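Okay, thanks for having me, everyone. Let me put the model up and then walk you through a pocket, some aromatic rings and a sheet.

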Amino acid sequence: MMPNAKANRIIIIAGMLLVLAVINGAIWQKERHLALGEIVYLELAPVDPRSLMQGDYMALNFAITGRIQATLNHESNFPNARNGHVVVRLDDQYIAHFLRLDDGSPIGDQERRLQYRLRNGHVRFATNAFFFQEGHAERYQPARYGQFRINDQGSPLLVALYDSELQPLGSLAR
C-alpha cells in the first residue's frame, strides 16, 4: 500500500469516528435531558378541530402561546423572529400557567422559565407536531396536555401527550 493511500484511510477513519462521537454526544445530551429534566405540562390548544388528526401526526399548538402572542403584540416594535423566555407558574400538577415574558428578574419557587421561539410571527415550543405510528390516531384524540422535560436553561423537550386527567396516551409516555 502506498503511504498516501494509508494516510487517506487514517483521515477517513478519524473523520468517521469524529462524526460518530458528535452524533452520540448529541444523543446522550437529549437522553439526559429527557431523564433528568423537570416535568412541565402545557395545555394544548386545538389548531383546527376538523383536521386535528392528519395521517400519522398531530399538529400541536399550546394555550400559552396565545398569551405570549398577545403580550408580544403590545410591544411597539413587534419582532418577526426571536428567541425568548416566558415565566410560568406551576400548579400542584406541574401544569404551567402564563405569568409574564421574562425580563431577567428573579423568579419564585413555583415559577419556571420556558424557552420559546418566535418565527414568522408565531410562537413555538420545541415542536409544532407530534408524530406517532400509523393507525394509532384514535389513541391521541383525547390529548389535552403535552408533557415536557425542561433543563436548567428552560429548554423544553416534548415527551408525550396526556389526557384531561393527566393520564399518558400511547405507549411512549415516561
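So, helix α1 (3-36) and strand β10 (156-162) each give at least two residues to the lining of the largest pocket. Before I go on: this is a predicted model, so to speak of local features we need pLDDT of at least 70, side-chain atom pairs count only at pLDDT 80 or more, and totals for chains, interfaces and linings use all residues. Numbering starts from 1 along each chain as its sequence is written, and side-chain values use heavy atoms, with hydrogens and water left out.

Helices (H or I, at least four residues) and strands (E, at least two) are DSSP runs, numbered from the N terminus. A pocket here is an open set of points on a 1 Å grid over the protein atoms alone, where a 1.4 Å probe fits, with protein on both sides within 12 Å along at least five of seven lines; lining residues have an atom within 4 Å of a point.

How much space lies in the largest pocket? About 340 Å³, where volume is the space filled by probe spheres set on the points, joined across faces, edges and corners. The lining has 16 residues, with Gln29, His33, Asn151, Asp152 and Gln153 nearest the centre. α1 brings the largest share, 6 residues.

On to the rings. There are 7 aromatic pairs in the whole structure; Phe, Tyr and Trp rings (six-membered for Trp) pair if their centres lie within 6.5 Å, and planes under 30 degrees apart are stacked, over 60 edge-to-face, the rest tilted. Phe62 and Phe125 are edge-to-face, because their planes sit at 90°, with centres 6.5 Å apart. That pair links distant parts of the chain, 63 residues apart. Both Phe62 and Phe125 are buried (under 20% relative accessible area, with a 1.4 Å probe and protein chains only; exposed is over 50%, partly exposed in between).

Phe130 and Phe132 make a tilted pair, 6.5 Å centre to centre with 35° between planes. Phe130 counts as buried at 10% relative accessibility, and Phe132 does at 9%.

Last, the sheet. Four strands make an open antiparallel sheet, ordered β5-β4-β6-β7; strands pair if DSSP finds at least two bridges between them. β5 (96-101) and β7 are the edges, each with a single partner, so one side of each has no neighbour in the sheet. Between β4 (82-90) and β6 (111-119) there are 8 bridges, and Gly84 stands opposite Tyr116 in β6.
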